[in-house]
Amino acid sequence: MDLSWIFPYAFLVPLLFVLSFVVVGLFGTWLRRLEHGGWVAVVFSGLAMGLGVLIGVGEMLAPGRYTDTKYVWLSVPANGAGVFPHGFELIAGTLVDPLSALMLIVVTVVGFLVMLYSIEYMHHDRGLPRYYAELSLFLAAMNGLVLSDNLLEFFLFWELVGVCSYFLIGFYYDKPAAASAAKEAFLVTRVGDIMFLLGVFIYFYVYATSGAAGGWAANGFVFAQGNAPYLGSVMGGNTTLLTVGGLLLLGGAAGKSAQFPLHVWLPDAMEGPTTVSALIHAATMVAAGVYLLAVASVFLGFTPTDLFAIVAIGGFTAFFAATEAVVQTDIKRVVAYSTISQLGYMVLGVGAGFAMVGMFHLFTHAFFKALLFLAAGAVIHAVGTQDLFKMGGLGKTMRVTSFAFLVGGLSLAGIPPFAGFFSKDDILSSVYSQLGAHPGYWPFFVLALLTVFLTGYYIFRAWFLAFSGPGARDPGLAHGHDPSWTMKLPLLALSGLAIVAGFFPYIPAFGSLLPGANIPPAFSLSDLWLTGLSVALGLGGILTAYALWGNGQVAANPTGSVARSLHSLVAHRYYFKDAYDAIGMKGVYALARIADFVDQYVIDGTVRGVERAFAGLSDRARRMQSGAVLDYATFVVAGLVILLVLLLVIAPWIVSAWGG
Amino acid sequence: MTDAFTTAGFLGLSAALLGIGLFGILTRRNFILLLISIEIAINSAVLNFVYFAAFAPTATVALAGQSAAVVIVGLAATEVAVGLAIVLALNRIRGSINVAEATRLRL
């Protein structure tokens, strides 16, 4: 069956969400029966999911690259001279290829499930039209980003998802913590976005100044196979520019994907509704950074320096975030830190040179992490608190939720046969395969292995605290109950995906979306020991969690002085937030003081000085109008004298001096 | 022209009259004396017109200079008529014709 006829309609996916945004945003208030437009958004996202999955299946059956220029923004013809002798074209279009088809499936499926889940989860909130409209706008932007066929268009949608993230983190805008978290997320990602924009400029410079020499000019400024070697050849032996461009793209990806050192915003972004955390801050938007790196490594190419930086940041972030997850008391924050950690894995995979392996982990992670968030959301919805130490024994009353969280946790911990096992093992073995050629990767490989243990530990610490034991530690807590079908259906669907998604690459058609990320690395005999080791580490983490927190026990905080100071260091998030606050307070405040001084005394001073000068002058002029005839007579005579002097003395002198 | 009338003498007379008139305008406080001073200054100009008309190359040009003198004399008479009307009004309202005190018309 050939489904490629559907590719030209790919642009309809974002457009459906734009429609949903307009309808819900304008008329949501009057659609009371339809959950203030919620059901409208569900229907639209359902349609978009259908289309997205069809496109994905079409791409599986006929893998290839389909581009479609929708709009030419700027076209400079080649004239052989000037700044752009080869000419250039800036366009907006859609690109359907294995990478974008995979992302399209993830975004539309998770988007639909989260929309459906929101119906009950958000039922009691105010501002529902705003919620569904913003969520629709986000999905429109995210799908636009996925289908972008050039860096500039990519960047525009990238900014659009950023601003939607800002809106949705600050959904409870009357809560100071949410408002400031939204601001923080926006500002921190801005640092990365500026780097990304500079990176776009660099790649555009390379494209626009050297186009005709290779394939790029023919393709326009678009993502196309063959650019990567071309870029290398254009620059000859000098790869400095490309290295800098790659590092700048990495900076942009680090901002969006919350990689060290721009990771601080993601845990605070949990102030938004849990649904938003699941969709934007776990499954889709934060993965956009990884998607950018994957796209760039396929179409633009990274230099060895870039790749090492990517490996270093990914590996370190994976471990760093996992240590912070260990001490969290808030169920959502545990999952948030694990998101940062898992994004680190993906970045590590891309950096090791296996973009598809990173994308495979992105794919499985989207399902099991959305599942974990939605399960956590069901718990919060039922008991009304996010504090793990108040919960307990919820497994008896919330069987479905408990099961869903367990599936998500096992997948996260990398226990076979859950989805996370396959993708994580793929990443570990692909990094391992590079150790011979790049000994510098060793420390990050070891950190990634340690992270497996920590992952198993922290996620099961959360599970044991919430679901096991005799009952709630806080007696005042509401008895949990499983949610109704609109919430249960997404949980079960995602549980199913979290169990089976790891096997997808075995299906030959699906495997064509992930060339190179097929199962062999995980099961090749040569590194079977690695698979065994990582599973053992994951199980070890789970058992440690059981020993410390199982059956409703609460482990005491560490007592030794070293351990205690370590605990406090981690609990204070390594003082990164304080450091950034200090930089913000001291540095930015000093800048603001200078700006204020300039404003007060230089700018306002000038304005006021001019005003005073004219006021003084006009006061003098006013005094001249005395009303006495004799004064006026004096002025007349004085004027006459001046005229006479000018005419009879100055003018002849000028004429004689310049020989007129 | 006769020798008694030299150009320098006439111009000097005219300039002296203008000077006397201006001096009077600047120093007199009495409105009537002020008007007289203005008349003197105006007449210095009339004198110039008449004098230079005598040197005119044609009768038409001479006539033009003399006509100008007559027009200015008429103008001066008009000015004095208006001025004296103001003097009378000023005297009736303020009981004084000191121009330095008449400042009520200013803004």
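Trainee: How many buried residues are there among the 11 residues of strand β1 of chain A?

Mentor: This is a predicted model, in which local features need pLDDT of at least 70, side-chain atom pairs count only at pLDDT 80 or more, and totals for chains, interfaces and linings use all residues. Residues are numbered from 1 along each chain as its sequence is written, while chains are lettered from A and ligands numbered from 1 in the order in which they are written. A residue is buried if 20 or more other C-beta atoms, placed from the backbone, lie within 10 Å of its own. Strand β1(A), residues 66-76, has one such residue and is hardly covered.

Trainee: Which strand does β1(A) join, and in what direction do the two run?

Mentor: Two strands (DSSP runs of E, at least two residues) pair if DSSP finds at least two bridges between them. Here nine bridges link β1(A) with β2(A), residues 88-96, in an antiparallel arrangement, and Tyr71(A) stands opposite Ala92(A) of β2(A).

Trainee: What is the secondary structure of chain B?

Mentor: Helices are DSSP runs of H or I with at least four residues; chain B has three helices and zero strands.

Trainee: What radius of gyration does chain B have?

Mentor: The radius is taken over C-alpha atoms, and the globule rule is 2.2 Å times the number of residues to the power 0.38. Chain B has 18 Å, whereas a compact globule of 107 residues would have a value near 13 Å, and the C-alpha trace of chain B spans about 55 × 25 × 25 Å along its principal axes.

Notes:
Buried ≥ 20, exposed ≤ 12 C-beta atoms within 10 Å, placed from the backbone.
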